[in-house]
Amino acid sequence: MKIRTTTLGLVSALLLPAVGHAQEVTLKVAHFLPPTTPMHAKVIAPWCDKIAAESQGRLKCQIYPAMQLGGTPPQLLGQVRDGVADVVWTLPGYTPGRFPMTEIFELPFITTTHEPSARAVWDFVQANASKEFAGLKPIAVWANGPNILHMRDKEIRSLEDLKGIKVRAPSRLGTKLLAALGATPVGMPVPQMTESLSKGVIDGALIPWEVVPPTKAHELTKFHAESGVERAMTTATMIYVMNQKKYDSLPDDLKKVIDANSGREFSAWVAAQHVAADAVGRDMTIARGNKVYSIPADEMTRWEQAAKPVTAEWIKEVTASGADGQKLYDDAVALVAKYSAAR
């Protein structure tokens, strides 16, 4: 009996540390911008700190900014699906065709301000786009701030001013929008934009204000045309997602920590951080002496009319795939209106 008791005690002593160690999880979190950028400093790092605190240190992050796990920004989606990374922040627009429903919020003149639009994106994705997230657990989905025109040398005041102008496009639908407005769209991820502007490969870029400081766009452009209407000319949808198998492997109490820091309100909180970042980018640009101006509402009405074929084409494409494109569009518009009215 004594030998048996001693043996059990030794076995227990050997097993307990292993069990305790198994409960501690380090998540590899990857994204494509430097650690000085708002998404890293104001969203990802605080999220990691929060899940660490709420799990009593059992959930930790190892953050890999600026593609430190290798590859290019469009490969982030594959990295998280394959388990190279456990969590990534990326843009569906970097992988055209993979998120046909989620990209609806990149259509022209559909979103309003940051937080209402984020709540609308979350609800829409939950109701209509779950298949697009196969193998992934959405932590947050949202749209960034209004994308506006930042131009090197030419002041854009009308549709006619855009004719033939080479402009960096943020997404597939951003490309279609710029083409509909008469510009020559050039698609590229944000990290490539700085060099393209400095070398004159592009004449301008369609980006939100928050992207200006980390890319030094305010040093490479002189004119910045904001929209004179509430609805954004276009935005970029963004996703913060976790590998589903990694999530499923967590014990229930750690899953609850992730769940408590995911969802509609977390998406809105993330979007709210873009508000402050947009203000910083705008203020920095004005302080440099660049010209920031608003295109009048009556001229923007012309832009909206010119952009309507982009929406019509999206509805046609989605309907051809077997979904009701018009209903999906109407639902997205209604969600934005619902949450915008509740501000």
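Which residues lie nearest the centre of the largest cavity? In this predicted model, they are Leu33, Asn144, Val190, Val211 and Met238, which belong to a lining of 20 residues. The space in this cavity amounts to about 180 Å³. Its lining is made up of 15 nonpolar, 3 polar and 2 charged residues. In total, 3 cavities of 30 Å³ or more are present in the structure.

The second largest cavity holds about 60 Å³ of space. Its lining includes a run of residues from Thr95 to Pro100, namely Thr95, Pro96, Gly97, Arg98, Phe99 and Pro100. Pro92, Gly93, Glu103, Glu106 and Arg172 also line this cavity. Sorted by class, the residues around the second largest cavity are 4 nonpolar, 3 polar and 4 charged.

Open pockets were examined next. The largest pocket has a volume of about 280 Å³ and a lining of 17 residues. His114, Pro146, Ile148, Trp209 and Glu226 are the lining residues that lie nearest the centre of this pocket. At least two lining residues come from strand S9 (223-227), and at least two from H11. Helix H11 provides the largest share of the lining, 3 residues. The classes represented around the largest pocket are 7 nonpolar, 5 polar and 5 charged residues.

The second largest pocket contains about 180 Å³ of space. Among the residues that line it are Thr36, Thr37, Pro38, Ala41 and Lys42, together with Glu210, Pro213 and Pro214. Gln273, Ala276, Ala277 and Val280 are also part of this lining. Helices H2, H7 (212-215) and H11 each contribute at least two residues to the second largest pocket. The most, 4 residues, is given by H11. By class, the lining of the second largest pocket consists of 7 nonpolar, 3 polar and 2 charged residues.

Helix H11 spans residues 264-287 and includes Thr285. The relative accessible area of Thr285 is 0%, so this residue is buried, the limit being under 20%. Leaving aside residues up to four places away in sequence, Thr285 is in contact with Trp209, Val212, His218, His224, Asn290 and Val292. Of these contacts, Trp209 is also one of the residues nearest the centre of the largest pocket.

An open sheet is formed by 5 strands in the order S2-S1-S3-S10-S4, and its pairing is mixed. Strand S2 (59-64) and strand S4 (136-143) are the edges, each pairing on one side only. On average, neighbouring strands of this sheet are turned by 20 degrees against each other, direction ignored. Strands of a sheet pair through backbone hydrogen bonds, in either a parallel or an antiparallel manner. Strand S1 (residues 25-30) and S2 run parallel and are joined by 6 bridges.

Methods
Residues are numbered from 1 along each chain as its sequence is written. This is a predicted model: local features need pLDDT of at least 70, side-chain atom pairs count only at pLDDT 80 or more; totals for chains, interfaces and linings use all residues. Side-chain values use heavy atoms; hydrogens and water are left out. On a 1 Å grid over the protein atoms alone, a cavity is a set of points where a 1.4 Å probe fits but cannot get out, and a pocket is an open set with protein on both sides within 12 Å along at least five of seven lines; lining residues have an atom within 4 Å of a point. Grid points are joined across faces, edges and corners, and a volume is the space filled by probe spheres set on the points. Ala, Val, Leu, Ile, Met, Phe, Trp, Tyr, Cys and Pro count as nonpolar, Asp, Glu, Lys and Arg as charged, and the others, Gly among them, as polar. Buried means under 20% relative accessible area, exposed over 50%, partly exposed in between (1.4 Å probe, protein chains only). Contact means heavy atoms within 4.5 Å. Two strands pair if DSSP finds at least two bridges between them. Axes are lines fitted to C-alpha atoms, for helices over the stretch in contact, and angles run from 0 to 180 degrees between N-to-C directions.
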